[in-house]
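Dear colleague,

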Amino acid sequence: MSDNGFRADWAQKDFYAVLGVKKDASGEEIKKAYRKLARANHPDSNPGDTAKHEKFKAVAEAYDVVGDADKRPKYDEMRSLYGSGAARGGFAGGGGGGFNVEDLLRDRAGGAGGAGFGDMFGDLFGGGRRGQQVRRPAKGADVETTATISFTDAIDGVTISLRLTSDAPCPDCSGTGGKAGTRPRVCPECDGAGYVTASVGGAFSMNETCPACGGRQLVYDEKCATCHGNGRGMSARTIQARIPAGVKDGQRIRVRGKGAAGENGGPAGDLFVVVKVGAHRLFGRKLDNLTLTVPVSFDEAALGADIKVPTLGGTPVTLKIPAGTPNGRTFRVRGKGAVKADGSHGDLLATVEVQVPAVLDEPARAAIEAYRQAMAGKPLRANLFEAGA
């Protein structure tokens, strides 16, 4: 590792040879070769085999460079520079008249070529001007919260206010994690990459945020007293969120750009609102349809009737009950349900429930007694006792 954060030794390694591919191999060929070698040498498949463990690390390192469309051409250029130096007498330290890449990079700001090679290859090896690490913009974290709204608001849509407490850069160190006035150094855990390679089982591995620097690529010997070195703090704010018409209970609504703030000029994350819908005194919901239980009397069900039923937020509608309607029959009133995703409406499903009076006055009792006598010759349960029943 050089003093500017570059991995100069990488330029002396032939990553194509490590992967067993030609220098002009396609990206797909490189990926295929990497997967084959990673599978064969993965530590989980070769417990105790130190040689294969080292081979796995070398393969992962090679693929991280030549398998990246941005890093690969810069690596090729660096190798070319080293090759030309070797042709003139070898690399520095080898007794010849070659050059030392550390000196080349250290002097990158001098002479007519002010930007120099350090800037050219800085993002390949994690370095940048004057030893600073390249910290790329990063999207902020997504935030999730829960909001409870009324049944009617879920059908009609509503704008709600949300009080959010979320992760934000520490106000005292501006997210660096270091004590004010102190200078950082390259993270020794990840060599300034901001991530480490971890096994996920089988023949595969993945990059994870470096636990030592939190992905910031730099560490401070003296940590910020406010955030204890993690660079993060808490931020409270109130935002307005629009809940669309027709939202369902438990549905997650994405509000773009309202999550945690990004880092290094990156975009903010998103806010996910999990909607909880309260119950309604009369109406229920079945997908995009509203449901309603409608009480009817025995005579209305038996003789038929036209009855008024309510709609949610609208004028009542007339429901025609045919004579002989059984208990539990459902009638559909089209277009009186919830808003669908395409902007149309579901239906109102009205289910009749025949009411049996708990108390009868004398005229009513006499009328029902007369009905009983009239139906005496037509027992309802005769089929229960038929042979084979």
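This is a predicted model: local features need pLDDT of at least 70, side-chain atom pairs count only at pLDDT 80 or more; totals for chains, interfaces and linings use all residues.

Residues are numbered from 1 along each chain as its sequence is written, and side-chain values use heavy atoms, with hydrogens and water left out.

Overall composition

The protein holds nine helices and 15 strands; these are DSSP runs numbered from the N terminus, with H or I over at least four residues for helices and E over at least two for strands. Of its 389 residues, 34% count as buried (under 20% relative accessible area; exposed is over 50% and partly exposed lies in between, with a 1.4 Å probe and protein chains only). Among contacts (heavy atoms within 4.5 Å) between residues at least 6 apart in sequence, 61% join residues at least 24 apart.

The four-stranded sheet

Four strands form an open sheet in the order β10-β11-β15-β14, with mixed pairing; two strands pair if DSSP finds at least two bridges between them. Because β10 (283-286) and β14 (330-333) stand at the edges with a single partner strand each, one side of each has no neighbour in the sheet. The pairing of β14 with β15 (residues 348-355) is antiparallel and runs over four bridges. In this pair, Phe331 stands opposite Ala350 and Thr330 opposite Thr351. The covered face of β14 carries Phe331 and Val333, whereas Thr330 and Arg332 are on the uncovered one.

Asn41 belongs to helix α2 (residues 27-41) and is buried, at 8% relative accessible area. Leaving aside neighbours within four places in sequence, Asn41 is in contact with Asn46, Lys52, His53, Lys55 and Phe56. Val65 belongs to helix α3 (residues 50-66) and is buried as well, at 0% relative accessibility.

Salt bridges

The structure holds 13 salt bridges, each defined as a side-chain nitrogen of Lys or Arg within 4 Å of a carboxyl oxygen of Asp or Glu. One of them joins Lys179 and Glu222 at 3.6 Å, N to O. This pair links distant parts of the chain, 43 residues apart: Lys179 is in the loop between β2 (158-169) and β3 (185-186), and Glu222 in the loop between β6 (218-219) and β7 (232-243). Lys179 is partly exposed at 44%, as is Glu222 at 42%.

Another salt bridge joins Asp221 and Arg185, with the closest N and O atoms 2.8 Å apart. Asp221 lies in the loop between β6 and β7 and Arg185 in strand β3, so the pair ties together parts 36 residues apart in sequence. Asp221 is exposed at 60%, and Arg185 is partly exposed at 40%.

Arg334 and Asp347 also form a salt bridge, the closest N and O atoms being 3.5 Å apart. Here Arg334 is exposed, at 65%, whereas Asp347 is buried, at 11%.

Tyr371

Tyr371 lies in helix α9 (residues 362-374) and counts as partly exposed, at 42% relative accessibility.

With kind regards
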